[in-house]
Amino acid sequence: MTENLKIDFAHNQSAHCENGVVSNLMKHNGFQISEPMVFGIGSGLLFSYLPFLKVNYAPVFTYRSMPGFIFNKFAKRTGIKMKREKFKNPKKAQERLDQNLAKNNPVGLQVGVYNLVYFPDEYRFHFNAHNMVVYGKQGDRYLISDPVMEAVTSLSIKELEKVRFAKGAFAPKGHMYYPISFPETLELKTAIVKGIKQTARDMTAPVPIVGVKAMRWVAKNIRKWPMKLGPKKANHYLGQIVRMQEEIGTGGGGFRYIYAAFLQEASTLLGNPKLMELSKEMTSIGDAWRDFAVDASRIYKNRNSKSSGYEDVAIQLEVLADREEHFFKTLKKAV
Amino acid sequence: MKKEDVPQDESNLASANFREMLYAVDDDGKYTTSLSTGWDPKKIALDNAIKEIEERVNHAKNRVLNNETSPIEYYMEVHKMDLPVLASYMGLWQWRVKRHFKPSVFKKLNQKTLQKYADVFDISIEQLKSIDD
């Protein structure tokens with residue numbers, strides 16, 4: 001059976017995959033929603049430290065919420081109904097995908113990165129929370145809009161099956177999602193306020209593994225690493241912080257900028273000048289995160305075993321925690 | 001970050017001919033987007049992680065040659081996996097996969113299990129039994 005199916009779908013590159021998929025699907029359905037707006041309303045910004053969970057032989061640090069969370073929250077707060085499906089059987093998963101394409105419906109997919117052949121080899125790790133849109137099928141190839149890529153691409157049937165059924169933490173299990181119904185007008189204003197309130201609450205939560213408390217905990221551990229783990233492992237852990245912060249489609253400093261862009265847009269929409277000021281402060285915090293990455297990378301580049309370097313970045317992280325704590329407390333009162 | 005400060009350093013992205021998108025402010029302080037070819041601190045972190053994996057692969061290779069582990073562990077490292085990821089691909093408990101690292105246990109594995117490992121690593125059973133490139 002030869003198929004030639006190409007849905008008229010506009011590919012827009014984005015800084016982060018999940019926001020990008022949501023934004024592109026919204027635009028496809030006639031709603032001009034930017035990537036930062038999705039990120040802000042979906043409360044995508046976070047900091048979390050999971051020392052008991054290891055990825056690539058180092059603890060997990062995350063600068064964003066759980067995979068799928070952003071779309072869920074965004075949909076709920078704007079009144080959109082979503083359909084999500086997971087599959088045990090790859091054949092069934094492919095059938096359902098084909099049915100949607102035949103109905104002219106582009107769908108979002110959660111996939112693993114390791115077998116994503118169009119990614120540079122060095123970036124292919126066992127990371128299962130990547131997102132893309134499938135918008136057509138030509139012969140035995142699926143047409144792919146991967147939001148972190150500049151242009152659209154394609155994958156063979158077998159290649160797509162492999163990434164949809166990647167294994168390990170957050171295994172996608174063929175996870176497919178798409179919006180099925182929209183309200184007449186999107187309730188953006190109330191949605192923005194809800195999104196902001198939750199982010200402010202989470203970032204200042206009295207829990208050690210999330211928000212500014214988690215940042216302080218990481219800082220405390222960074223000081224112990226050189227002695228406790230030896231320079232090699234300590235460097236590896238520090239590298240993991242930077243990679244989680246600044247890898248393709250993630251980005252800790254990067255996320256802070258997306259959030260600042262959201263606050264700017266929200267300020268105009270809500271007619272709230274305070275958010276414009278806070279956007280500037282968030283940009284400056286994003287810059288400080290990048291300085292942190294520069295200094296951290298310097299330590300393991302020089303394979304510097306002096307612990308003074310670790311002390312310095314630990315202090316930087318604590319300053320960032322203080323700034324973000326003040327920031328989110330102010331933000332909470334601003335809306 | 002200002003738009004003109006968006007880093008354009010050399011990176012591994014070039015091998016796939018793409019640039020990533022970043023948010024930055026223009027001269028009027030308004031947010032816009034800009035493409036970046038890469039950024040040194042990221043490249044250093046990534047190179048470091050790759051080097052780490054290469055060391056792990058070499059270490060595993062030597063251990064196979066010394067008959068201290070089976071080729072399964074070597075191929076696991078080659079594929080950037082760890083025990084939980086490999087066990088998940090195999091649909092086995094981690095302790096069972098770990099047991100298959102024992103050269104004596106590996107020698108006695110049946111065809112079906114060997115084939116499953118070979119499929120996960122995308123190689124033949126012959127390749128699985130040796131570690132020559």
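The model is predicted, and the values below are computed from it. The serine is Ser34(A), whose side chain makes a polar contact with the side chain of Glu265(A).

**The largest cavity**

- Thirteen residues line the largest cavity, and those lying nearest its centre are Asn56(A), Tyr57(A), Ala49(B), Ile53(B) and Arg56(B).
- Two elements give two or more residues to the lining of this cavity, namely α7 (211–246) of chain A and α1 (40–65) of chain B.
- The largest share of the lining comes from α1(B), which supplies four residues.
- Sorted by class, the lining of the largest cavity consists of six charged, five nonpolar and two polar residues.

**Ser34(A) and its contacts**

- Ser34(A) is placed in the loop that lies between α1 (17–28) and α2 (35–41) of chain A.
- Within chain A, the side chain of Ser34(A) reaches the backbone nitrogen of Met37(A) at 3.2 Å.
- The polar contact between the side chains of Ser34(A) and Glu265(A) has a distance of 2.7 Å.
- When residues up to four places away in sequence are not counted, Ser34(A) touches Ser23(A) and Glu265(A).

Terms used:
Residues are numbered from 1 along each chain as its sequence is written. Chains are lettered from A and ligands numbered from 1 in the order in which they are written. This is a predicted model: local features need pLDDT of at least 70, side-chain atom pairs count only at pLDDT 80 or more; totals for chains, interfaces and linings use all residues. Side-chain values use heavy atoms; hydrogens and water are left out. On a 1 Å grid over the protein atoms alone, a cavity is a set of points where a 1.4 Å probe fits but cannot get out, and a pocket is an open set with protein on both sides within 12 Å along at least five of seven lines; lining residues have an atom within 4 Å of a point. Ala, Val, Leu, Ile, Met, Phe, Trp, Tyr, Cys and Pro count as nonpolar, Asp, Glu, Lys and Arg as charged, and the others, Gly among them, as polar. A polar contact is a pair of N or O atoms within 3.5 Å; within protein, one must be able to donate a hydrogen and the other to accept it, and residues adjacent in sequence count only if both atoms are side-chain atoms. Contact means heavy atoms within 4.5 Å.
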